[in-house]
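Welcome! Let us take a short walk through one model, from a helix to a pair of helices and then to a loop.

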Amino acid sequence: MRILVIEDEAKIAQFVKRGLKEEGYAVDVAVDGEEGHFMLSSNEYDAIILDLMLPKIDGLTLCRTLRKEGNQVPIIMLTAKDTVKDKVKGLDSGADDYLPKPFAFEELLARVRVVLRKKDSRVQTQLKVEDLVLDLLTHKVTRGNREIDLTVKEYALLEYLMRNAGNIVTRTMISEHVWDINFDTFTNVIDVYINYLRNKIDSGTTEKMIHTVRGKGYLLKK
Ligand code: CA
């Protein structure tokens, strides 16, 4: 899952970015509304964390513009003001949720999970494909009775493959949802991580789950 943080206060942006990356999200940061709008037009994001007071284009205007353009990406609005009026304005502009500053990172994280879940339109805390189970809250991954220890990036890649189980995902799709804007298209880093995952998920079993579709991408299925 890839998230865009649009926030001009560098300290907050870095705090949010670091925290989300530790949870396995790919995160990009835009420092004003204009840059945010540009990044949204050139990349695909699963959610946005949008500050209200921003240079160039403010959060409310950007939110309204995106909705007018038909962009339905889930938006969590951040603001220094905690008044009912501001909250209503934020939600009226098309934001999905609203979080007044200062906030605890855990609360932001919980809200990110909620808006991503809404986007899925399924209430779920687990992804399950046959005997492979990924717990979205604890990040515990098991195959059968075996617990699988994954790095943050391996976890993020597996989550993406499992959310798209049964469908081919291309390297471009993976790079857009699991890696951030610094992803280098000319490396084989995705194949390397696929191999790491394969070694951990499929090793010791006859039922392989991670398949390569030649010339297209990867497919997770039994
Ligand atoms: Ca601000």
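Helix 1 is followed by glycine 24, whose phi is positive, near 95°. This is a predicted model, in which local features need pLDDT of at least 70 and side-chain atom pairs count only at pLDDT 80 or more, while totals for chains, interfaces and linings use all residues. Residues are numbered from 1 along each chain as its sequence is written, and side-chain values use heavy atoms, leaving out hydrogens and water.

Helices (H or I, at least four residues) and strands (E, at least two) are DSSP runs, numbered from the N terminus.

| Helix | Residues |
|---|---|
| Helix 1 | 10-22 |
| Helix 2 | 33-42 |
| Helix 3 | 59-68 |

Next come helix 2 and helix 3, which pack at an angle of about 25° with their axes, lines fitted to C-alpha atoms over the stretch in contact, 10 Å apart. The two are therefore roughly parallel (an angle under 35 degrees). Gly33, His37 and Leu40 in helix 2 meet Leu62, Thr65 and Leu66 in helix 3.

Finally, glutamate 44 sits in the loop between helix 2 and strand 3 (47-51). Beyond its neighbours within four places in sequence, glutamate 44 is in contact (heavy atoms within 4.5 Å) with Arg2, Glu176 and His177.

Terms used. Expected span 1.5 Å × (residues − 1). Axes fitted to C-alpha atoms, helices over the stretch in contact; angles between N-to-C directions. Parallel < 35°, antiparallel > 145°, perpendicular 65-115°, else oblique.
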